[in-house]
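Terms are defined where they are needed.

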Amino acid sequence: MRKPEPVQVIKTRRDAALRGLVESVPYIQYLGVQFDRRGDELTAVLPYREDLIGNPLLPAIHGGVTAAFLEITSIIGLTWSTLWADMEDGKLEGETLPAMPKTIDFTVDYLRTGLPRDAYARARVNRSGRRYASVHVEAWQDNRDRLFAQATGHFLMPSRDDG
Amino acid sequence: MDTKNDRTKIARQFIEAIPHSRALGMTLDDIGEGTAALSMPYDERFIGNPSTGVIHGGAVFALMDTCGGTAVMSHADAPTGTATIDLRIDYMRAATPGQRIRAKAVCYHVTRSVAFVRATALDDDDDNPVASATGAFTFQRAKGA
């Protein structure tokens, strides 16, 4: 029987894998989206910034920013969920990043005005097949139960080279 | 009477007053009655796939959303404001790295309070769209209109 790994080793490995994923995408860095991790659960955080505004009179976050935030949360969530098993088996050595899923379509439902403050989002992978995946994502600000946007997207999974 | 020049000027001010549209470098290329054309330059900061250099879908979404809203604002019934209710985007192919992305939107129908929009995104290849979108927007009318 193998001894369980020390908790710090596990955390360091998981955080490094997540960081590698998020930091590789310029647009995620540009918007300033960060990810909080608790076990395998990810919460995306979009810190408020003045240039994210779409309606200066209200003011409100740009609908395109909201959509981009939701799409980023979906893609990272989906990649993360497919990465998890390999990562836990220690098969993620080396610097090669996993190929990202490609968005087929993305439908955003704007429920409330995005206020000029931080936003949060979580994605749920409803189906992840060999070729296609369906992901639902919810975003909120002050109250978890008062969503300001939600979206559903379909994604084309990268082909695995092991055929 | 609303001339084409006035309309273009108002729309340009409308877009340039939006901090995020400015941040993405969006420009207004054309505006008609219920139609709009906007574009944004290729920018390495907006890359979504680092191995190919393709722009992130989220940035394309932002362009199409703004273009859709502009088309609604340019409708002949002259709304006082608009907000996206829902927007669906279909990504047909990756935008070619290095090329400008152009969006065209048509507000093809309005009711008392809702506007319906279709939009297309293109790069330098006019015949093969990068993405298409359909959406519903709020249509705010002046009191008594």
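Helices (H or I, at least four residues) and strands (E, at least two) are taken as DSSP runs and numbered from the N terminus. The model is predicted: local features need pLDDT of at least 70, side-chain atom pairs count only at pLDDT 80 or more, and totals for chains, interfaces and linings use all residues. Residues are numbered from 1 along each chain as its sequence is written, while chains are lettered from A and ligands numbered from 1 in the order in which they are written.

**Chain A overall**

Chain A contains three helices and eight strands. Read from the N terminus, their order is α-α-β-β-β-β-α-β-β-β-β. The C-alpha trace of chain A spans about 60 × 35 × 30 Å along its principal axes. The radius of gyration, taken over C-alpha atoms, is compared with a globule rule of 2.2 Å times the number of residues to the power 0.38. For the 163 residues of chain A, a compact globule would come to near 15 Å, and the 17 Å of chain A agrees with this.

A residue is called buried if 20 or more other C-beta atoms lie within 10 Å of its own, exposed if 12 or fewer do, and partly exposed in between, with C-beta atoms placed from the backbone. By this count, 34% of the 163 residues of chain A are buried. Two residues are in contact if their C-beta atoms, placed from the backbone, lie within 7 Å. Among the contacts in chain A with a separation of 6 or more, 61% are between residues 24 or more positions apart.

**Strand pairing**

Two strands pair if DSSP finds at least two bridges between them.

| Strand | Partner | Bridges |
|---|---|---|
| β6(A), residues 119-128 | β7(A) | eight bridges |
| β7(A), residues 132-140 | β8(A) | nine bridges |
| β5(A) | β8(A), residues 147-156 | eight bridges |
| β5(A) | β5(B), residues 84-91 | five bridges |

β6(A) and β7(A) are joined as a hairpin through three residues, and A:Ser128 stands opposite A:Ala133 in β7(A). β7(A) and β8(A) also form a hairpin, with six residues between them. Across this pair, A:Val135 has A:Gly153 as its bridge partner, and A:Ala139 stands opposite A:Ala149. Further along β8(A), A:Phe155 stands opposite A:Thr103.

In a regular strand the side chains alternate between the two faces of the sheet. On β7(A), the covered face consists of A:Ala133, A:Val135, A:Val137 and A:Ala139, and the uncovered face of A:Tyr132, A:Ser134, A:His136, A:Glu138 and A:Trp140.

Which elements of chain A give two or more residues to the side that touches chain B? The contact takes 28 residues from chain A and 29 residues from chain B. The elements on the chain A side are α2 (26-31), β3 (53-55), α3 (63-88) and β5 (102-110). β5(A) gives the largest share, eight residues. With Ala, Val, Leu, Ile, Met, Phe, Trp, Tyr, Cys and Pro counted as nonpolar, Asp, Glu, Lys and Arg as charged, and the others, Gly among them, as polar, this side divides into 16 nonpolar, seven polar and five charged residues. In the pairing between the chains, A:Phe106 stands opposite B:Ile89 in β5(B).

**Nonpolar core**

A nonpolar core is a set of buried Ala, Val, Leu, Ile, Met, Phe, Trp, Tyr and Cys residues joined through C-beta atoms within 7 Å. The largest one has 81 residues, of which A:Phe69, B:Val60, B:Leu63 and B:Met64 touch the most other members. α3(A) supplies the largest share of this core, eleven residues. Leaving out residues up to four places away in sequence, A:Phe69 touches A:Leu31, A:Val33, A:Ala44, A:Leu46, A:Ala119, A:Ala121 and A:Ala139.

**Local backbone features**

Most residues other than glycine have a negative phi, and most peptide bonds are trans. A:Leu58 and A:Pro59 are joined by a cis peptide bond with omega of about -15°; A:Pro59 lies in the loop between β3 and β4 (60-61) of chain A. B:Ala78, not a glycine, has a positive phi of about 45°. This residue is in the loop between α3 (57-73) and β5 of chain B and is exposed, with 12 other C-beta atoms within 10 Å.
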